[in-house]
Amino acid sequence: MDSEFKNLNTNHLESNVLFIGQDSCPPNYFFRGNNVRSNYVLHYILAGQGTFSSANRPAVSLKRGDVFLLPKDVPCFYQADGQQPWTYLWIGFTGTKIKTMLDGSKLGSQRYLRQVQDSQFSQYLNRLYDTLKCGNSLANDILAEALTYQMFYQLVTEFPGKASPTGGKAQQHLQLAQSYLEQNYRYSTCTVARLCEHLGLSRSYLYTIFKKGLTVSPQGYLTRLRMEEARQLLRASTAPVREIASGVGYHDEFTFSKAFKRYTGFSPSAYRQTRY
């Protein structure tokens with residue numbers, strides 16, 4: 001099997017590209033590793049065909065020009081065809097904005113798209129992949145980040161998902177609350193109580209619109225922002241845990257470590273030693 005794989009060192013909280021790769025699979029080949037990913041992996045089929053399925057979804061046959069998504073924390077299975085095995089490229093993403101952008105598209109809910117090869121989305125996906133292959137430099141990193149957002153822009157405009165169940169004022173309030181938390185979660189003074197005060201909204205109302213719009217509470221959303229950045233910092237740096245704790249809004253290392261273990265199942269030091 002002809003394969004290539006490359007780890008990437010770029011680190012942007014909102015949309016971080018973790019890795020890229022390409023495979024020309026032998027007949028009936030399927031991935032034998034962990035079928036539950038800790039990030040989002042987008043596959044674009046360059047040739048051939050195969051089968052893809054994900055949790056609670058029927059298996060589908062996909063071919064050249066189709067795209068499929070391995071969502072974070074969702075079991076998936078995919079296998080090359082026995083007669084015309086596929087060749088595909090993939091890009092692994094993480095970051096607090098990735099789920100939001102995917103959820104705004106049909107790909108986020110359906111987990112695959114058919115025949116996108118003539119779309120602007122496909123063009124930017126391929127340009128992003130080619131750019132990421134070129135290695136790290138300031139100019140290349142800027143271009144890669146720009147192409148990432150352009151690709152997702154084309155995805156949500158060319159293949160939009162269903163409208164959010166919350167609308168009008170509620171949707172505006174939700175967006176304002178998200179924006180406030182995303183801009184301030186690194187500070188220990190950022191709390192749900194402070195958010196309510198800032199927006200002039202009740203805690204129960206905020207809880208309702210978060211649960212309807214994002215299926216998570218405001219506190220859960222704030223914790224996720226902090227924990228996802230902490231995961232990236234633990235992977236990408238050798239900074240002491242107390243420094244990382246302070247950098248994501250915790251007063252002390254002990255409280256942070258307890259929260260991190262509840263979120264990931266690992267202590268910060270143990271997580272740093274794992275490979276994902």
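1. Two strands count as paired if DSSP finds at least two bridges between them.

2. Strand 4 (residues 49–54) runs antiparallel to strand 5, and 4 bridges join them. Gln 49 is opposite Lys 63 of strand 5.

3. **Basis.** This is a predicted model: local features need pLDDT of at least 70, side-chain atom pairs count only at pLDDT 80 or more, and totals for chains, interfaces and linings use all residues. Residues are numbered from 1 along each chain as its sequence is written, and side-chain values use heavy atoms, with hydrogens and water left out.

4. **Overall fold.** The protein chain has 11 helices and 9 strands. These are DSSP runs numbered from the N terminus: helices are H or I, at least four residues, and strands are E, at least two. The radius of gyration is 20 Å, close to the 19 Å from the globule rule for 276 residues, so the chain is as compact as a globular protein of that length. That radius is taken over C-alpha atoms, and the rule is 2.2 Å times the number of residues to the power 0.38.

5. **Burial and contacts.** Of the 276 residues, 45% are buried (under 20% relative accessible area, 1.4 Å probe, protein chains only). Take contacts between residues at least 6 apart in sequence: 70% join residues at least 24 apart. Contact means heavy atoms within 4.5 Å.

6. **Helices 5 and 7.** The axes of helix 5 (residues 168–184) and helix 7 (residues 203–214) come within 10 Å and cross at roughly 95 degrees. Helix 5 is therefore roughly perpendicular to helix 7 (65 to 115 degrees). Axes are lines fitted to C-alpha atoms over the stretch in contact, and angles run from 0 to 180 degrees between N-to-C directions. The contact has 9 nonpolar, 3 polar and 1 charged residues. Nonpolar covers Ala, Val, Leu, Ile, Met, Phe, Trp, Tyr, Cys and Pro; charged covers Asp, Glu, Lys and Arg; the others, Gly among them, are polar.

7. **Helices 8 and 10.** Helix 8 (residues 218–236) packs on helix 10 (residues 253–264) at about 95 degrees, axes 10 Å apart. Here the residues divide into 7 nonpolar, 2 polar and 3 charged.

Key: Parallel < 35°, antiparallel > 145°, perpendicular 65-115°, else oblique. Buried < 20%, exposed > 50% of the residue type's maximum accessible area, 1.4 Å probe, protein only.
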